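This report describes selected features of one protein model. Please consult the sequence and the structure shown below while reading.

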Amino acid sequence: MSEQSRGPRKPGKPYRRPTKDPVRMLAFEALRAVDERDAYANLVLPPLLRKAREKEGPDKFDGRDAALATELVYGTLRWQGTYDAVIAECVDRPLREVDPPVLDVLSLGAHQLLGTRIPTHAAVSASVDLARVVLGDGRAKFVNAVLRKIAQHDLDGWLERVAPPYDDDPEDHLAVVHSHPRWVVSALWDSLGGGRAGIEDLLEADNERPEVTLVARPGRATTEELLREESAVPGRWSPYAVRLAEGGEPGAVDAVREGRAGVQDEGSQLVALALANAPLDGPDKAWLDGCAGPGGKAALLAALAAERGAVLLASEKQPHRAGLVAKALNGNPGPYQVIAADGTRPPWRPGSFDRVLMDVPCTGLGALRRRPEARWRRRPEDLDGFAPLQRALLRTALESVRVGGVVGYATCSPHLAETRAVVEDVLKQYGDTADLIDARPLLEGVSALGEGPDVQLWPHVHGTDAMYLALIRRTG
């Protein structure tokens, strides 16, 4: 940088060259990847953290630095809606006219000021230094001015200013206070069936960092082995689940590295277990996972099938995701097969299977704890895009199961348009040849499962992703 580009020095204040803070640089890079490439933070962060450790060395980038970088990224993404409302009050133009990289730096600064215990002066100084490095001196001055305005109030103070009163507009109030798009608030509220306490508890749970949950794949690992890991505690519901209560690193667990265990939310485990334990009429030899990618449920189902002498066929449309499934199933104690196939145009014959799981593509609104960026990426019109595919896949599942067999329709979304509406519409076409089974007794020990026969799990009630499951028996 030339002397002229910096401007004249002020007497007594020598120019201070901004330092490259590896933690905030990493967080900024991750946010830019999420914004520019529609990447997911959980996929972007691990390689960035590895790169930082290799470049800076463990003495300059340790576990605390990695934890701070992770908090800055996920915290900024979770609270983006709230921070946008605050920043909008502090700038003299519409937010859409602020360059996205500038807005990312402002959001990172806002999170440090309003969402962490980082001292105000340190949060502003570090953010301005970051702006100088990645944006230049001119825009760094803009960042400095905006963050100093934000620093005048704490989060509660800002919410009083930017959130409409609950009595005037309940949905918009909750959207700003809990940082969710208004349409998502409305949809979740409908799924819960009303009541302010429930929706606020759910929105708060969406903004909490979830624990890492492992699954011990039967015949390959045990929960006793996993519980020997530091900070490991038993799962709440699944007999195969172990939680790393203090944010442990799953990659450091031998069984995970070797593929004998995996990272899997308990809600996903419960869906697989319920299908595996549903009562059947007749043989129990052939199982199908019709939307198997990336392989978590398929790995658990294949292990359970092997214990009974059954065989799992895992089908996934996308070849690269089919590769992930094959990796997850590698080493399964019994026979299995993985194929790349379109579930709406299946290569297998009708009535070939005793048990079928169809965990359909969806908006992912049930996993906002893990993928906070999804709440800002999804739009209401996405539902119309998923609806035909979800119905087609459920029809395939019902055609693929034999009479007396069971289908599990699952989705990681609590939106009624992706859950009960799909099941009800498809079952109308089958008349008395397919009946819903009460899924609740098959989630043994799990409380607050509603009126049935289908099941909706909730982060704020069950500590799981918001998984939905309907079990259907083919009767004719």
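Thr-411 belongs to strand E9, which spans residues 401–411. Helices (H or I, at least four residues) and strands (E, at least two) are DSSP runs, numbered from the N terminus. The model is predicted: local features need pLDDT of at least 70, side-chain atom pairs count only at pLDDT 80 or more, and totals for chains, interfaces and linings use all residues. Residues are numbered from 1 along each chain as its sequence is written, and side-chain values use heavy atoms, with hydrogens and water left out.

Because its relative accessibility is 0%, Thr-411 counts as buried (under 20% relative accessible area; exposed is over 50% and partly exposed in between, with a 1.4 Å probe and protein chains only). Apart from residues up to four places away in sequence, Thr-411 touches Asp-359, Val-360, Cys-362, Glu-418, Thr-419, Ala-466, Met-467 and Tyr-468, where contact means heavy atoms within 4.5 Å.

Cysteines are considered next. The structure holds zero disulfides, a disulfide being a pair of cysteine sulfur atoms within 2.5 Å. Cys-362 is in no disulfide, and its nearest cysteine sulfur, in Cys-412, is 5.8 Å away.

| Residue | Relative accessibility |
|---|---|
| Cys-90 | 5% |
| Cys-362 | 12% |
| Glu-373 | 3% |

Glu-373 is located in the loop between strand E8 (353–359) and helix H18 (374–377). Neighbours within four places in sequence aside, Glu-373 is in contact with Val-34, Ala-39, Tyr-40, Ala-41 and Leu-77. Its C-alpha atom is separated by 29 Å from that of Gly-450, 77 residues apart along the chain.

Helix H2 (residues 22–37) and helix H4 (residues 63–78) have axes that come within 9 Å and cross at roughly 35°. Axes are lines fitted to C-alpha atoms, for helices over the stretch in contact, and angles run from 0 to 180 degrees between N-to-C directions. On the H2 side, the contact is made by Val-23, Arg-24, Leu-26, Ala-27, Ala-30, Leu-31 and Val-34; H4 contributes Asp-65, Leu-68, Ala-69, Leu-72, Val-73, Thr-76 and Leu-77.

In helix H9 (residues 155–162), the buried residues are Gly-157, Trp-158, Leu-159 and Val-162. These buried residues of H9 pack against helix H5 (80–90), helix H6 (100–115), helix H8 (137–150) and helix H10 (170–178). Asp-154 caps the N-terminal end of H9, with a side-chain oxygen 3.4 Å from the backbone nitrogen of Asp-156.

Technical notes. Polar contact = N/O pair within 3.5 Å; in protein donor to acceptor, adjacent residues only side chain to side chain.
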